[in-house]
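Thanks for taking a look at this one with me.

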There are 2 protein chains.
Amino acid sequence: MSRHRTFRVGLVQMSSGPDPDENLERAVAHVRTARELGADVVALPELFRSQYFAQREDHAMFDLAEPIPGPTVDRMAALAKELKVAILVPIFERRAAGVYHNTVAITDRDGGIAGTYRKMHIPDDPLYFEKFYFAPGDLGFRSFPLHAGRVGVLICWDQWYPEAARLTALSGAEVLIYPTAIGWHPGEKEDFGEAQFDAWRTIQRAHAIANGVYVAVPNRVGLEHGDVRGDRVEGPGIEFWGGSFVADPFGRIIAEARRDREEVLVAEIDPAMIERTRQHWPFLRDRRLDAYSPLTQRYIDSSSPSG
Amino acid sequence: MSRHRTFRVGLVQMSSGPDPDENLERAVAHVRTARELGADVVALPELFRSQYFAQREDHAMFDLAEPIPGPTVDRMAALAKELKVAILVPIFERRAAGVYHNTVAITDRDGGIAGTYRKMHIPDDPLYFEKFYFAPGDLGFRSFPLHAGRVGVLICWDQWYPEAARLTALSGAEVLIYPTAIGWHPGEKEDFGEAQFDAWRTIQRAHAIANGVYVAVPNRVGLEHGDVRGDRVEGPGIEFWGGSFVADPFGRIIAEARRDREEVLVAEIDPAMIERTRQHWPFLRDRRLDAYSPLTQRYIDSSSPSG
């Protein structure tokens, strides 16, 4: 007989404005709301303290980075302790001169830092110039034994990688939480917008199915021009698509936010549901450990296989 | 500039009756139909020559097994040569006394055997007693350079494993083809049927998205009691759910069969679409090869991560 203690995850879907301090205060208010709705663990969107500055490559933006502990983490840790709630705090981390990461600090309900996750997969795409700012994470894929339950933490671009979901689930996570900042290029939205959104949701629902685990995704919402205290990027900007959601271990959406406004979602994580799902679909039992080592290769160059 | 030669995949969604010889003749007719519809590569469902005998554990069923080459493969190889079409021929393979596999033999359009794939992940579940019959495959995850294009072959239960899709895609496959026999336990259909079907389709669409590759799935259809020449299994049977489909590299369904009848689907595989999709969503570029080696572990036993 195993322990089956349920807990509740709260997802903050929010917009960020030009003033980082105002964003922090809005985040604090949303965390309070999530706690009032019963959340035991609250997750904020990726890099919530500013508009998405990586729309351009500009050395001045490194001024937004801060250490752990540091102002944002300290503020959220105090809030965690006050509300007795765990908070996933995404920050632009300054680790050392020239060493910056896209990070989530995890504060448990006692206000202590339970751990950090540094984004492992770093994108680089027009208007998402993250390789300029962030060194790839070096802490691996991990989950954290919080008071409420065991939580796996990943960030945005990680969500396209089945390897990341698998490794985090194998480390014991009951829920994979992906703080995210994803949206449409306005010029592409009409032709590709729906397919992009659907692919994004589909692959994360598939992580839930493949691993028999909950998946929870708080996304940013709203049109942004990377405005940081009035320093903004010309052009059409990015329309962050919201649509934050929670999927159960069967891949079913059990909570979902709209695509055009701020919203706080709360959903229950039930370890008994994980146990039951994995008993009925015992995928973890049949993995071919002996055959997976080429996953550490970039590509398997062609040679005709022998019959 | 790369070569961008399109080709067409044909999927045979079929029912199997009590007589293996009649099933073979029906399969031949369906392959002819697929060829008439323009298919260059035709795939039959898993173990199409008989009803799904693994509903029970019975040593007598080993008599259904046959070698490669053997009667079924020879017949299909002759058909392949006649029609100038490649055929994926799923068989119950007898490799040696006591060594049986769930296999696909691939005949190219010249009638030669281009290779074989032996199912790597073997299920074992009420009414799917495959571990009794089939030794796990030992040929790894592979794709085959056919005249039409490069085809990756996997079988049914493999479809729940992102590792299998990834490795086959990394070997150069332009399409992953999964001959399948999946269905509902009739007693579960009302409560779970739609969610099961949707999870099955979702995880395979996700393989397309994660890897920027086409995915094509020919499934069995119809209610069966594992009837092999009148020797049948008591009980409600399995209702094979059809729903064969092809997804493009963006995970969009581009061809789909109904769930209650035989059908032949044909869809185009366009390597230019693969190239373009992977340029816009460059997931293969950013894989963290240095961090994936624990994928060869069964489970990563918990210890608190250091902060």
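Are Trp157(A) and Phe283(B) buried or exposed? Trp157(A) is buried, and Phe283(B) is too (buried means under 20% relative accessible area, exposed over 50%, and partly exposed in between, with a 1.4 Å probe and protein chains only).

Before the details, some housekeeping. This is a predicted model, where local features need pLDDT of at least 70 and side-chain atom pairs count only at pLDDT 80 or more, while totals for chains, interfaces and linings use all residues. Residues are numbered from 1 along each chain as its sequence is written, chains are lettered from A and ligands numbered from 1 in the order in which they are written, and side-chain values use heavy atoms, with hydrogens and water left out.

1. Trp157(A) and Phe283(B) make a tilted aromatic pair, 5.2 Å centre to centre with 55° between the planes. (Rings of Phe, Tyr and Trp, the last by its six-membered ring, pair if their centres lie within 6.5 Å; planes under 30 degrees apart are stacked, over 60 edge-to-face, and the rest tilted.) This pair joins two chains because Trp157(A) sits in the loop between β7 (150-153) and α4 (162-170) of chain A, and Phe283(B) in the segment after α6 (271-280) of chain B. (Helices, H or I with at least four residues, and strands, E with at least two, are DSSP runs numbered from the N terminus.)

2. The contact as a whole. Chain A and chain B each bring 66 residues to the contact (heavy atoms within 4.5 Å). The area buried between them is about 6,200 Å², with carbon and sulfur atoms giving 60%; buried area is the accessible area (1.4 Å probe) that two parts lose on being put together, summed over both. On the chain B side, Arg288(B), Leu295(B) and Arg298(B) lose the most area to chain A, together 11% of what that side buries.

3. Salt bridges between the chains. There are 8 salt bridges between chain B and chain A (a side-chain nitrogen of Lys or Arg within 4 Å of a carboxyl oxygen of Asp or Glu). Lys131(A) bridges to Asp286(B), with the closest N and O atoms 2.7 Å apart. This pair runs from helix α3 (residues 130-133) of chain A to the segment after α6 of chain B. Lys131(A) is partly exposed at 39%, whereas Asp286(B) is buried at 6%. Asp286(A) and Lys131(B) also meet in a salt bridge, at 2.7 Å from N to O. Glu163(B) and Arg287(A) form a salt bridge too, at 3.0 Å.

4. Within chain A. Arg75(A) and Glu25(A) form a salt bridge at 2.7 Å, N to O. Arg75(A) lies in helix α2 (residues 71-83) and Glu25(A) in helix α1 (residues 20-36), so the pair ties together parts that are 50 residues apart in sequence. Elsewhere in chain A, Glu93(A), Arg95(A), Arg118(A) and Asp138(A) are linked in a salt-bridge network.
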